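Reader: Can you walk me through this one? I'd like the overall picture before the details.

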Amino acid sequence: MEDTRTPFFQQCLQAAVLVPFLSRTGHAFKPRFDLRGVGLGHTFHLAKWTLGFVLATQLGLVVITRLASSASISGEPGAGWNAYNQTMLVWILPHSLITVSLATAMIPAASRLAADHDIAGVAREANRTMRLALTALLPSAVALAVLCVPIAVLLFGNGKGELDAPYMGWTLLGLSVGLVPFTLNYVCQRTFYAMEDTRTPFFQQCLVVVLNVGFALALVLPFDDPRFIAPALGLAYSLAYCVGFVVDFTWLRRRLPELDPRPLVQLAVRLLIAVAPGALIAYGITHLWVAGDNQPLRALQLALSGLIAVALFIGLSRLLHIDEVTTIVATVLRRNRPTTTTATTEAATTDTAAESVTVARHAGREGEARPTMLSSGEESPGLGTDEVAGSVSAAEAHPMTLARGDVDVEDEVDPQDVTEAAHATSEVSTGTVLGGRYRLEERMEERRSVETWRAFDTVLSRSVVINLLPVDDERAPEALASARKAAIATDSRFLRILDAVESTSDEHGSYVVSEYTPGQNLTTMLASGPLSALESAWLVREVADAMSGVHAADLHHLRISPSTIWVTPTGNVKIGELAIRAELRPGPDLDPADPTTLKRGRAAFHPETEEAHDVADLGRVLYACLVHRWPGGNRFGMEAAPTNGTDGWFTPRQVRHGVSPALDRICEQILSASPRRAGGLRTASDIVTALSRVLGTADASADLERRLQHPVPQITVGEPQSIAPQSPLTAYRAQSTSDRPEVVPTSPDSPQTAKLPRVTDRAPANRRWVLGMIIVLVMILIVALIAVGTQLGLAGRGEQEGAQDDPPVVAPAVHPISGVRDFDPPPGNGQENPDQTKLAFDGDPATGWTTVRYLGNPKLGGLKDGVGLVVDLGAVVDVSTVKLIMNAAGTDLEVRVPNDTGVAEPPMDDADDWRPIAEATKAGKEVELTSADKVSTRYLLIYLTSLPSDGGDYRGGVNEIEVSG
């Protein structure tokens, strides 16, 4: 059945049922038919200039296409659009592989710096990207210029493309001039985009389009040579971007005063000096060593010249101290040798790390206090806990039985911090480069003498996070061992450990390098209140699912909390500091024998309770997401979960109305030692299974993405709680408080209302000059189109008028052929398949005359100069054109006439008795040979001098002959 009406009416009925209930809540129904307030205004503002950018480019392309297509009018091969388009694909390759990758890595970092109003930082990112792009693209441009023709011949000089190859080489030469300006201009435009400025690139592109069209018209129309249209267009494109880059860089420098062009110019000069000797040698190899038609030899020439040029370039770069080249070479060499400091070390290192960690675990006490939330007792308004007092026997009886006060050891005051503060700290600052690779850019956090930095990986052009320990810190061995073991976690939901470096320097201690992600951590998201049931369940299930995999590998987090859970701008979940936060952020743990003794790091946990610790943390994160309260004290910007006075926490449904009963039950199953309604959830896999039953196939990533893009205002009830200042570690890009609606408190018992900022009408800025510039641009392009069309139209009209003034041209008459004889002068035997000669003019293209087979050499085996057919036209007639259908492509042939055209019998003994009037090399199956002047003759000689391959031998032939004049 295809009944669509019933579901429609059902949906309408369900919606109608909700109307009275929504009315009672005070909801006002007001239809809206606009997009105001949905967050698209700024996006549309940016997009309109980008669309204009594309439109201007396409208008310019229309003119260039018309100019390039005009080459086909004259019939010249390979001089127009085909040569230009194919060569552009080769030319753009270095830019696509290198500059696009560098710019893609630059934009996120530059955007973040621009959002923080760090103009100097944006300038540093742009300058670094330009220097790297210049280092790679300038040698590429020189290589394309020096080897333009050999490259074009190798790529396109096959078959019919052989005639196009020189034109493509010259076009590549013209384009190579603009490769560096084009790629640097691209970086400038992306820098504007990082600052959310799409308007300036639009006007810059308009300038480039106008210049490109102007240069193209100036180089193509006056000379009117179809052979050089494509090279002229390539040169015009380059000249346009040379001017465009200078203008774009000038405009960008107005926004970024720290952007200095002098280092770029100096780098370019040194690069030219380093690349020049190799370029000269490469040019000599490819032009002095003639390869002929041998394509493999051409490839060998290019490979050999490339290797020599690269070796010379690298050597001279070292002498000239070009650091960018040295860094690139060191990176390539580093990939091919193992290192003992990276996170992806050999299995022996991992085993050693695991063994050391195991020793540290057993150094801890045999039992530990663990948090419990709930216990049985149906009558109690709160769910009380068993009295355990942190005894060893109680902990061994159930891993979840801990005193409520010992839950959050991470942020407790540690008396040993005073001792640690006296240790030697790292003497590092912004700009310091660790290990010759990681450049420190922003100190994100400093706590317990561990500094957390956002750094930039200069090798892979990406942002990373570095946890830097003090010099000679006693935690370093365990921290590095845990980091190396955590590197085995390959689940994409973990922020991977990238490097674990043991330092021997006196300036800084050991450090751990981790993956960096934009977005917000859960602490920042929960500052606005609890998440929805779907978001809470899905987020915790993602974390639990990732943890279940590493638990199977005996790897534990031990610090799962809102500060270690991140949500990316696309709504995906990331888990940070796996296994290392417990080492780098140690907390106190009471020893039953001596309450004053403090145990640190993973040694504070017994191996048998590590998984239970992660499971309990997952339950507390779920609790916090549902009710915006933290079970275990005022933590992460949240109030402590309320207790019932008997050392137990209220359930989520008792704290906040509307919590899902299913999620309330799961919280109880995780955090209660004796759940009332079902068995406990004691592993991460159990939590995944339980939450999957509730969620089904639901996915909350889109909801979390919207929450990040459109954060809700922070709402507090009653007396606001003090929240620690937010550091860069807790939010990738903190929302400015000026952009948030003001919260107007009423009373502790009344709901909070958000006072939205008043929208005021502002007088629109005067944009008449913008409209005028757009109109001028459109008029220039229209004039250019008219000029091209007029030029082409006049050329066509001139040809038509010339044709009208001159007497009508009569098509040349086709002369009948009286007979054909084979021609095989000495040292031949005088016969070359004479019985087949009649097939060369029988009107059937499928049959014809062929030569005998020759071995070893297409030049008739080296035995003779040539063989052929003598055509008898029956009488002396005017001959201008000979059309042939060959039996195979690839024949070299000539059309000859007797030296004495009035002879009664054709000379058959010597080819020198005939003179050539037309010739063809590597002719196709159909070939037309035209004499420069008409010749009066009775006899013609079709003379074959080089034969195509036929199997392992060489043989040629003629299937049909047509003579006209």
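Predicted model: local features only at pLDDT ≥ 70, side-chain atom pairs only at ≥ 80, totals over all residues.

Reader: Is Leu558 buried or exposed?

Author: Buried. Its relative accessible area is 0%, and the cut-off for buried is under 20%.

Reader: What is phi of Leu558 near?

Author: Phi of Leu558 is near 75°. That is a positive value in a residue other than glycine. Most residues other than glycine have a negative phi.

Reader: Where does Phe636 lie, and what is its phi near?

Author: Phe636 is in the loop between β10 (629–630) and β11 (639–640). Its phi is near 55°, again positive in a non-glycine residue.

Reader: Buried or exposed, that Phe636?

Author: Phe636 counts as buried because its relative accessible area is 12%, and the limit is under 20%.

Reader: Now the peptide bonds. Which one is cis?

Author: The bond from Pro826 to Pro827 is cis, with omega near 10°. Pro827 is found in the loop between β15 (819–823) and β16 (849–850). As a rule, most peptide bonds are trans.

Reader: Back up to the whole chain. How many helices and strands?

Author: The protein chain has 26 helices and 23 strands. There are 965 residues, and buried ones make up 48% of them.

Reader: What share of the contacts comes from residues 24 or more positions apart?

Author: 73%, taking the contacts with a separation of 6 or more.

Reader: And the accessible surface? How much of it belongs to carbon and sulfur atoms?

Author: The accessible surface comes to about 47000 Å². Carbon and sulfur atoms hold 58% of that.

Reader: Next topic, the cores. How many residues has the largest nonpolar core?

Author: The largest nonpolar core has 74 residues. Trp91, Leu134 and Leu233 have the most contacts inside it.

Reader: What does Leu134 touch, leaving out residues up to four places away in sequence?

Author: Leu134 touches Pro139, Val180, Leu184, Leu264, Leu267, Ala268 and Leu271. Another core, of 67 residues, lies apart from the largest one. Its members include Leu522, Trp630, Ala641 and Val688.

Reader: Pockets, then. What volume has the second largest pocket?

Author: About 1400 Å³. The second largest pocket is lined by 49 residues. Nearest its centre are Leu132, Thr135, Ala136, Glu324 and Ile328.

Reader: Which elements give two or more residues to that lining?

Author: They are α4 (93–115), α5 (119–146), α6 (148–156), α11 (262–288), α12 (295–319), α13 (323–334) and β2 (438–447). The largest share comes from α5, with 13 residues.

Reader: How does the lining split by class?

Author: The lining of the second largest pocket has 30 nonpolar, 12 polar and 7 charged residues.

Reader: Last stop, Ala904. Where is its place?

Author: Ala904 is in the loop between β18 (891–898) and β19 (914–923).

Reader: Why does Ala904 count as exposed?

Author: Because its relative accessibility is 55%, and exposed means over 50%.

Reader: Which residues does Ala904 touch, not counting those up to four places away in sequence?

Author: Ala904 touches Arg938 and Tyr939. Ala904 and Tyr939 are 35 residues apart in sequence. In space they are 9.2 Å apart, C-alpha to C-alpha.

Note on methods:
Residues numbered from 1 in each chain as written. Heavy atoms only, no water. Helix = DSSP H or I, 4+ residues; strand = E, 2+ residues; numbered from the N terminus. Buried < 20%, exposed > 50% of the residue type's maximum accessible area, 1.4 Å probe, protein only. Contact = heavy atoms within 4.5 Å. Areas by Shrake-Rupley, 256 points an atom, 1.4 Å probe, with all protein chains shown as cover. 1 Å grid on protein atoms, 1.4 Å probe; cavity = no way out; pocket = protein on both sides within 12 Å on 5 of 7 lines; lining within 4 Å. Points joined across faces, edges and corners; volume = space filled by probe spheres on them. Nonpolar A, V, L, I, M, F, W, Y, C, P; charged D, E, K, R; others polar. Core = buried A, V, L, I, M, F, W, Y, C linked by side-chain atoms within 4.5 Å.
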